Every structure is written in structure tokens, then in C-alpha cells.
4 protein chains.
Amino acid sequence: MITAGVIGATGYAGSQLVALLSAHRHVTIGYLASHSHVGKHFGEVYPSLALLCNLPLQEEDIEAASQICDVLFLALPHGMASHKVTEEILARCVVIDLGADFRLSDYRVYQSWYQSDHPSSHLLAQSVYGLCELHRRAIRAAQLIANPGCYTTSSILTLAPLLGKALVDPASLIIDSASGTSGAGRSEKVDSLFCEVNENYKAYGVATHRHTPEIEQELSREHGAALVVQFTPHLVPMNRGILSTCYANLKPGVGSDEIESAYDEYYHGEPFIRLMGSSLPETRFVRNTNVCAIGWRVDERTRRVIALGAIDNLIKGAAGQAVQNMNIRFGLDETAGLAVAVASPL
Amino acid sequence: MITAGVIGATGYAGSQLVALLSAHRHVTIGYLASHSHVGKHFGEVYPSLALLCNLPLQEEDIEAASQICDVLFLALPHGMASHKVTEEILARCVVIDLGADFRLSDYRVYQSWYQSDHPSSHLLAQSVYGLCELHRRAIRAAQLIANPGCYTTSSILTLAPLLGKALVDPASLIIDSASGTSGAGRSEKVDSLFCEVNENYKAYGVATHRHTPEIEQELSREHGAALVVQFTPHLVPMNRGILSTCYANLKPGVGSDEIESAYDEYYHGEPFIRLMGSSLPETRFVRNTNVCAIGWRVDERTRRVIALGAIDNLIKGAAGQAVQNMNIRFGLDETAGLAVAVASPL
Amino acid sequence: MITAGVIGATGYAGSQLVALLSAHRHVTIGYLASHSHVGKHFGEVYPSLALLCNLPLQEEDIEAASQICDVLFLALPHGMASHKVTEEILARCVVIDLGADFRLSDYRVYQSWYQSDHPSSHLLAQSVYGLCELHRRAIRAAQLIANPGCYTTSSILTLAPLLGKALVDPASLIIDSASGTSGAGRSEKVDSLFCEVNENYKAYGVATHRHTPEIEQELSREHGAALVVQFTPHLVPMNRGILSTCYANLKPGVGSDEIESAYDEYYHGEPFIRLMGSSLPETRFVRNTNVCAIGWRVDERTRRVIALGAIDNLIKGAAGQAVQNMNIRFGLDETAGLAVAVASPL
Amino acid sequence: MITAGVIGATGYAGSQLVALLSAHRHVTIGYLASHSHVGKHFGEVYPSLALLCNLPLQEEDIEAASQICDVLFLALPHGMASHKVTEEILARCVVIDLGADFRLSDYRVYQSWYQSDHPSSHLLAQSVYGLCELHRRAIRAAQLIANPGCYTTSSILTLAPLLGKALVDPASLIIDSASGTSGAGRSEKVDSLFCEVNENYKAYGVATHRHTPEIEQELSREHGAALVVQFTPHLVPMNRGILSTCYANLKPGVGSDEIESAYDEYYHGEPFIRLMGSSLPETRFVRNTNVCAIGWRVDERTRRVIALGAIDNLIKGAAGQAVQNMNIRFGLDETAGLAVAVASPL
């Protein structure tokens, strides 16, 4: 059995993680921390999960936690994990950070987009970007895994095969994404109130969203040279789900066959990728699953491919991928504890 | 022209009031206060209303406001208005309080349900309960009008004719209400976050909700003796609307005809009451209107009447009724500035 | 392994059943019928479930199905199952009917509420009402199990202990329920369109809803004499969930302790009942689970108990309870294939 | 007074039109037709609008209607209006068609995208494309006005100034739009059921949506040469609203100042255009109004402009613009009967 700890256990990603870990047959949860609910039990904050897990919630002490846990999951606002993780902690246990601090390999890119210094840039060299389908080999040996962002997971998985196979113009990438509201977290903000979100659709972070450099880092790697992407997130009045609608100009001679082959080859045998071809994904198709569903259409009129990727932002976009990373790192069945398909029609 | 001021202008009820007053042909808004947005203009907080009203938002100063306004609307949390209103202010201008402080004529009832002292119980004698259809005459002469609560408006309007005509057993009254989420206000609470409200239905304040004594006060008056009611509110994942489903045991010999006659007589000529008979009201039928729609069914098996009343909680349940009170008080057409029917099918 | 068949497999209850059976370790699905999707595969109609089950959908032939299945689930509109089930079919396999045809033991009650003749009233004597917590013993030996309705499940489970222990006045029962929209099924009706349901709350079937006689039948049995109930359903803009808010007058001398003891004793050891006491249930607490969560408050002012029961209408209110009935009937672990708690915070 | 008729009065666009016309001080409704509700009164189908309009609904007879009406609004599925409109009818009254039949000036483009012959292509020459801000002069003299589609209105209004001023590369236009569900109409389709739409976000009509050639026709006119656009619509779980997120590559030397000037000049004095600059529009900001709100951001990293346009799909995207067209055609105040800002905060 693996002993796991979760710091930031009562946010939406954190609590989803607790739920998944509680049902994981190879895991025992040994430590839960929640700054805002210290002293309560987990089931008091999430009554629907009380039967799965009802551990006490502690004030976070990553030092102590690292002494008793084999793996520590950090689900904290950006800028906090990088203050806490040290070489000593990493020597003792695997750290899977669901935040943004260790995702960008170049600390200057971090400083530019997050407009603050990076307090532990010396650790970036050993951090592995935990997008499982792209970095499985490195994840197996990593002590520090940077779990990708939600928008980034859907965007990179949807576009990587097209760049890896050099089928599209790398200067033409536009990613138009829309997310359910759990992506905004459980913090008390007017903008997240029901009456502000319900019956509304809006864009935000246009040209400035911090998931942009993550997407660029990984797609540049696929492309073999630096590229920039246009990324625009939107907010949808629903709890869960992200759909990324991605546009790219086709290179001369590229058609539907080449696109289909690229996806088939790139994702051959992947348990959590569902290729749908021209039968397009919807967010409900992957709700409560760790699956990324990908579809595409070639538009000969415009010589573009429109590729769409759907995930559950709290599962494949956060907690589920974190568990997948743990499974890979500890040599478990990669699908352990992760439903391939959810048992509900709606 | 009447000069109006609104204190608490950026909450949901307050902003609805600003919107209605801005479009009212007999009103000029002379003063807006918002503790949480001092220094901004109204249109910055509500861009959709900027063309209607874009006055600066001030720190509240009820003394100063009362010098320039003919009528002051207070949209504040309970316990605050009663600290601010004085005889001097009432001598200068009409005060319409959308909060709870002046609704209960007996300060001991207030203290019992609100568990705090009433700081200006000496003003209660001159306060008029502003349920327009029941207290129109007193409202015409009032300097201090206590605008009713949202649940109370729908509940009292639905049950009053049955008690006024002595058709039902006063010991049998059960009111099961459900409200959209704007009723919880615009404050930053986890319970009001989109993801907590969406895809959920719950009861709250069971046996303890503070609208209970208001309902009892008014229905006791209709009945001619003290009665108690069972009142249970629920939260619905929608922005606006309240439906109160009311149950009462029929007195012997009472049937559909007596019920229908009672409603017809009681509400004869009322511009904002829509009697639907057995064609039951839904909250969408009254959205964005000041109408209370009432329907009923007699169940001969159980010898009960089930009467249902629907309102828009922010209009007839708050800001609209406040305007209606102002219209009555200042001798205007009672429907001025209040749409009888909204121009949209959904 | 048990071979199961589902007739009516593509409605909301039917597809939920297919999903649950597909993941059940003791079950193989041998037959799926869907009148409206004959010739397609299940996964074409429900892409999100394609990895769980992708059997072909056949035109229904209950005779043929009964030859290959150990258990047949019928998820059909009322009036259809009673035309199809015969003694011969029941001799060959267990039938669990999710419809209304075999729930009422007195065919005259059926004819009165459904306003049509009962085509197989001779089978009613052997039908067992499949509310598992109340009829477990009879279910073990039944060939024909009438799976209860959704509203009825939440209502009966919430009120049964109070009647069984004679704590409340049986003439005073009022049940005010609200359901998510999946309860209306997947048929193409204007009233079920998104724009008609969204941002609306309404009552329907007031005094005439057909779940009323089911509730009366079972609560009369608990009470030991015939009683009538007042039942009012409402429609909530959400996909899943039912909350029943039940009112009953307390008998003299009955207080919180007696209520609590009644629930504790009645449901001792029940795996799918979660007693919450004064910490009230919400529909999200039981979403995607087979649990009925029950809470209550005693109101000494009115001398009533307000008891609330929440279920997922598609699981405990339909497909989940059907699986629970199968588990009981075939001597399996009663919880097999049924999650006690769902692995998601929202 | 203008006598108006509406054919197709009970769909969402038709009923919105009835509502607006009923409140229009220069209009009397003389004729309402609804194929699916013949014999009922309008208020039976839309109880919330009964006080505004309760005319009987007739079987459509455009000949008879044209004899009594000054203006006829057609709100019919595509392919129907072009069968009914004749030179004779146009000689008698103005026809404003809310459908697609007369929008495309080249009948071959119609045949290509709609895959059917155009039954009255001889009328196309006199049809005026009723996007008011672009074709006001021609509308004043038109007998046949083709009211634009909903997506097209938001898309063209957002991009026209950029093309008219030649600030962007016409080969680079990508329009990613999202609409509330009323855009799918009131017909009984499984895909429009509440449970299918709620908690879901999806794209549809990718590379094939029929609003594409409309957008191309109008933007080509602005550009001065034929261009193609990439247009992708999405479905959002809300009743009303469209947001179009438009991407275009900036020409060398073009920056924020040029963009802002282009919008300011192009829309100078327009009563229904609200330029928000970098303060981006949301669909709720224009709900229940005839306003198109437009905002934009220049991304110097990618050398693109991202321009966003929000409308209420049933008002500026359908019924409101139809009324605006009527106002222009009949020489009325262009804003008559059209609220510039709605009187509600949410």
C-alpha cells in the first residue's frame, strides 16, 4: 500500500483527489491538510464523501507529512508550493504538485507570466511535466511531478499529434476553450456566485491567461522549435468539463487521412484517449472520467483542421491525472482507481 | 418629480430598485450609497445598467441623504436600518425599508426570532407593513414603510383570502416555498457559489426561518386571532422566482366555488394579482414583473386546498413592491414604473 | 454469472440500468431492446457509455428474451408491461418491472388512478413491491418484482418509521416533493425542452399524481389501517435528484428522542440509508448513489415533525433499486454493483 | 398606427416578436398565425404574455394577411417563406423575413449550403439584407427585408469595422461563437431536452453551419473582394445570448489605436452598439436588449486582434432587429419599442 497525503484537501481539485484516492485499492490516505477547515473532519465539509473518507483536517505541515507519506499531493494556489518543497522533502517522498509552480521549465517564463519571482527555481531541472501521454518515461523516475493545468491538458492532447507529425502551420494555432465553473475553485468571489455565472457566457484572460506558456512549452517541444499560440478561455454555466476548439492551417497536401493517421499513431494503446474522428466530443461524454475525447474536421474550403478535445477539468484536468501520474511513478496499473467510463447516462 | 435615494444600491434588491427607479417617469435618483463600492460609479458594478444609471456610489450618510431626498429606500442587512432611522429623518422624508427591522409590530417577536435587541422599538408604532394589497390605506399616510420579505409576500397573498373568508382551519397551515438564488444576496459565501447551488435542491431554515413571524402576524390579522404557520423554504438552482405551495384543511362545506369566490372578491381590481384558478402558476410566468400569480386546487379526497403563489422575488418580493409602495404613498398611478407583463417569452 | 436483459434500454432509467449492470461483477447483459433505436448499438445512443456496453439494440421480444435471461428488467411506459408479462415468462425468469403496472396490489386502485383497465390483474397477487428496506424477505422469493416509483421511494422511506412506530397523526401527512428533470423521461415533449425547464420552478399533478396511491398503500401497511396522503410534486431545473419534504403532526408526548429512536431502530444496519438527524439532506449528497439520506426537525411551536428524504431519482428511485432487488432475489451481496458513495465532490 | 402580422407566432423568435410589437406604441397586431396551435389564443401558449397579447392563432394564409397588414413578419423554417412570398404580396405590404430564404443574394450559394433549389430566386434582387447598421439606407426603401441570422449579426457587427478599414488579413478570420439554447427553437427534439443540454458544452455544424455564407457575403462586401471565414458555433446551457469570439491577424503597423478608431468611426451615433474597448462583453450584459456589445484586445505577442461581440439572440439576433428594420422602413424612431437597456441586474 502507498501512503498518500493531500495538502489543500477541501478545494474542488483537492476533494476530488481525496475521493479518488479513497477508492484506490493500492492507496491509504495518511494525511489531509486544509488551511480553511482545520479541526473539522473531511466528511463535515463534504457530507456526500463522508463514507469514503472522514479523516481529520490538519494545518499544513509539509515536513511532517513527508515523513509519513510515500507521495504528497499539493493542491494549492500558485506561488505556495514552490515555497514549501525542498530537496529534503523530495528525498523522502514523491511530490505531485497540482499547482503551476513547477510546470514551466524556464523560470523567466514563469516570472514573466506570473509577475513574481520563483522561490525555488533550482528545483525546476528535476521537475517532470506530468502530462502522462507525453512524458510517461520521465514520470516513472521523477520525484517532483508538475501536474498540468486543465486547459493545457485538453489543448496539448488535442494539438500534439498535428505538430508532432508536422501537418499544420505552427504559426496558425488558435485555441478557443470553455470551462465549467469548478475551474474557478471554491474561493468566495462575487464572480463565482451562482447568480453571476448562471445564464451567462463570457471570455476572460484574453491574451493573458497563464495556461498559455504551458501550452507553448509543450507544443514547441513537439514542433521542435519555439512557437506561440493564441489561447482564449471562456466560462460556461455548468459545474464540470472543458472543451477546447483548436484551429490550425493545414500544410499543403495534408488531408483527412493524414490527420486521422497522426492521431491513431500518436495515441495507439492509450487507455485514456478516446478518438472520435468526425463524431465530435461533448463535455458530458467524459464527465466523471479520466478520458480525453478528441474529434476533428478538415475544412477544405479554408484549408484548416478544427480539432476538439473534451475532458473533465477536475479529473483528467486535475485530480485524475494526478492519480495517473502516481500510478505511473509507482509502477501500478496506470488505470488503477480511475474509471474509464462513468456509470451514468447523464 | 420625486427625488429618491437608495442605500445599499449594489446588492441584488438594491440594484433592481435602481433599475426600476431609473426608468420611472416621476422619479429622479438623487443619492446612491454602497458600502462595498464607494468611489465607483453604478455602471461599473452593473455594466448592463450603465445606460440607465451611472451615478457615483457614496459611503452611506442617511442624514445627508434625507436632506435631499423625498424618499429613501434602505436595502441593508437586518439590524442596520433600525440603528439609522430617527424621528428627525422621518420628519424630513419617507423611508421605505426593504429589510426586516420594522416589519414586526411587536418588538418582542423580533427579539425572539432575530435574537437581538431592537434598537428603535419606539418607531414600530408608526411603521406600516407595506404589503400593498392588504395595507393600501395606511401606506398612503405612512412616513415609515416596512417592505415585506419575499417569501412572506407570496405566502400571505396566497393565503390571506382563505383566512379572511374563514374557509380553512387556521391550525392547519403549511407553506412549502422554493426560491431562486438571488434571494441569498450578493455576498461572498461558499454556499452561494455556482458549483454549490447548481444541480442541487435543498431545504434550509426548517422551523426557524425569520419570515415565519411576518407571515403569522399578517395571517393572524386576517383570521382575527393568533395563529401559527409551518413554513419551509428551499433553494432552487435558478436566478429569480419564488413559488409558495400552501396547504390548508377545508372547513366543512367549503368547496371549489367558495375558494374561487374568495379570491375573486378579495383581489377584485388589483393590478398586480393574476388569478389563474386551476391553471397553476410557474415562476417563469411572473419573471421580471411585479405580478403575484395565484392558482389553487381543491382535493376532495383529503379535504384540503392546495394554493400556489408565484412572484419574482426581486420585484414583487423586493424592489418592485417598494416602488409600488412609493407610488401609493405619493399618490401616483400605482403601476407607474412597474411592468404588468414582461416582454419576453422566456 | 446472471444473464440479464433490459427492455426499454435507451430511456434515462433504462440506460442507467445498463450502465450499472455492465459494471456489476456478477452480471452479463444478454439482451437489450429499444423500440426507438432498433438496429443501432447502445454506444451510438450513449457515447459516454460505449466502453461499458455496446450491444445491439433489438426490437423487443419478451418471449425470446425470457429464454436466454435469468432476469428481465422492464423500463417501459405504464400499461405496457402488464400486456407482455405472462405466467410462462415468469416461470422461466425473474421479471423486475420499473414501471407502474404491478405496484398496486388492488387492481381497482390502479384503474381509478390510471383510468384504464389492468390487463393482467391475475398476476398482482404474486407481485412483490420492491422497496427493498420494507420487503426484503418477500423479494427473496419473488418472480415478479414491482420496482417502486421515484417519488414513492423517497416518501415512503422518509415516513415509514414514523407510522410504524405510531408517532404521528396518520391523517396529517403532507409530502411536498421536488424532482430533477430526468424524471420526465427522454421523450420529445415541449415541456421538457431546456428553455421551458431552465430558470423555472413549478408544481404539477397537484392532487392527482399517480405516485399517491403507491405511497398510501405502503404507509397504510405500516400504519395498520387505510390512510390518505397529500402529495405534490414539483419540477426543478437540474438533471437528477429528488427531495421529499414531509410534514406530520406529532402525537402527544412525542419529541425529538422518540423520532430519532424510531429512525435508528427502523433502519438499523441498512446499507443504503443514511440518517442525518438535524443535519438536513440535499440532493447533491446522494447524486450517483443508491443512498436515501434522511433528516428531520421537530418543531415544538407547531407540534410537527418535518422529515426530509433525498435520493437520486435514477438510482435509488429507479435503476439502482432495481439492481438492489436483483441482488436480494439472487442471493448476492445486496450492495454489489452499487456505489455507497460517489467519488466526486460535485 | 402600423398594422402588423406575424406568421410563426409561437416559436421563440415569433413569440418574442409578438411581445415586442404588443408593447410598441406605433403598432397594432392584426394577424397571428401558428401552424401548431391553430384555434388557441396566444396567451394560452404563453401565459406570461397573455396580458400583452391574447389574439387568436390562425392557420397561416399569407394572402389574406397581406390584405390587412402593413407589415408581415415571417418566422418560419428555411425554405418555407420563399414558397409563399410573391410579387403581389410585396406590392401590398412590407415583408420582413426572419428566416434564411432571402439573405443570400446569390441563389447558387443558397443552393450549395442549403442543398435545395431556391423557389423564388427572382425576388432576391429586391431583397435587402436587414443588418440595420450596415444597410440602413437600403432598408428605408425595401419591400422585402431579410432579417439576419443570430450568429451572423454578432459576427458581422464585430468584424465589419476591421475589414472596412483594412486593418486585418482577410484570409485569417476565425469566428468561434456560443449560443444559448433558444437558438435551437421550440421544436420537440431529443437534443434540445433539458437533460441533454444542461451540464454540457458542445460544438456543432463545424465547417458546415449555414450562417457561414451570410457572414462571408457581408464581410466580403466590406472587404471589397471575396473572402472566406472559419465559423464554429457551440451550444451553452442557458436560455439566451450569443458571444462571438473573433480572431484576425493584424496587418503590419496596426495597433490598439487603429482598432479603437475603426470601431469609433464605424459605429458613431449608433443607438444599439455599445463599444466596451478592453472591458469585454458578456452575454448577460445585453440580455433582453437590442444592443450588440463589442470589446477587443490586441495581442502583440501573436499580432492578432481578438474581438468579441455579444447579443441577445432572440432580440438583436432575431425579433428586436426585425422591429428595428420595421422602424427604419416606416420612418419611425429607430429605437421605438426597443429597450436600450433592460431594467434588471440579472
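**A guided tour of four chains**

Begin by selecting chains B and C: chain C can be laid on chain B with an RMSD of 0.0 Å by a turn of 180° and a shift of 0.0 Å along the axis. Such superpositions are made by least squares on the C-alpha atoms of residues with pLDDT of at least 70 in both copies. The model is predicted, so local features need pLDDT of at least 70 and side-chain atom pairs count only at pLDDT 80 or more, while totals for chains, interfaces and linings use all residues. Residues are numbered from 1 along each chain as its sequence is written, and chains are lettered from A and ligands numbered from 1 in the order in which they are written.

**Where chain C meets chain B**

Keep both chains in view. The contact takes 35 residues from chain C and 35 residues from chain B, two residues being in contact if their C-beta atoms, placed from the backbone, lie within 7 Å. On the side of chain C that touches chain B, at least two residues each come from strand 7 (174–179), strand 8 (202–203), strand 9 (230–235), strand 10 (242–249), strand 12 (292–299) and strand 13 (304–311). Strands (E, at least two residues) and helices (H or I, at least four) are DSSP runs, numbered from the N terminus. This side of chain C divides into 17 nonpolar, nine polar and nine charged residues. Here Ala, Val, Leu, Ile, Met, Phe, Trp, Tyr, Cys and Pro count as nonpolar, Asp, Glu, Lys and Arg as charged, and the others, Gly among them, as polar. The copies meet through the same surface, because 100% of the interface residues of chain C are also interface residues in chain B.

Next, select Glu282(C), which lies in the loop between strand 11 (273–277) and strand 12 of chain C. Glu282(C) is buried, with 24 other C-beta atoms within 10 Å; the term requires 20 or more such atoms, whereas 12 or fewer count as exposed and values in between as partly exposed. Leaving aside neighbours within four places in sequence, Glu282(C) is in contact with Asn200(B), Lys202(B) and Ala310(C).

**Two helices in chain B**

Now display helix 8 (residues 150–164) and helix 12 (residues 315–329) of chain B, which pack at an angle of about 100° with their axes 8 Å apart. Helix 8 of chain B is therefore roughly perpendicular to helix 12 of chain B, a term that covers angles of 65 to 115 degrees. To see the contact, select Cys150(B), Thr153(B) and Ser154(B) in helix 8, which meet Lys316(B), Gly317(B), Ala318(B) and Gln321(B) in helix 12.

**Chain D and chain B**

Turn to chain D, which a rotation of 180° with 0.0 Å of shift along its axis superposes on chain B (RMSD 0.0 Å). That is the relation of a two-fold axis. In chain D, the C-alpha nearest the axis belongs to Glu199(D), 4.3 Å from it.

**The domains of chain A**

Finally, colour chain A by domain: domain 1 (2–147 + 315–329) and domain 2 (151–311). Their centres, taken over C-alpha atoms, are separated by 24 Å. The contact takes 19 residues from domain 1 of chain A and 24 residues from domain 2 of chain A. On the domain 1 side, helix 12 of chain A gives the largest share, six residues.

Definitions and conventions
Axes fitted to C-alpha atoms, helices over the stretch in contact; angles between N-to-C directions. Parallel < 35°, antiparallel > 145°, perpendicular 65-115°, else oblique. Domains from an automatic or database assignment.
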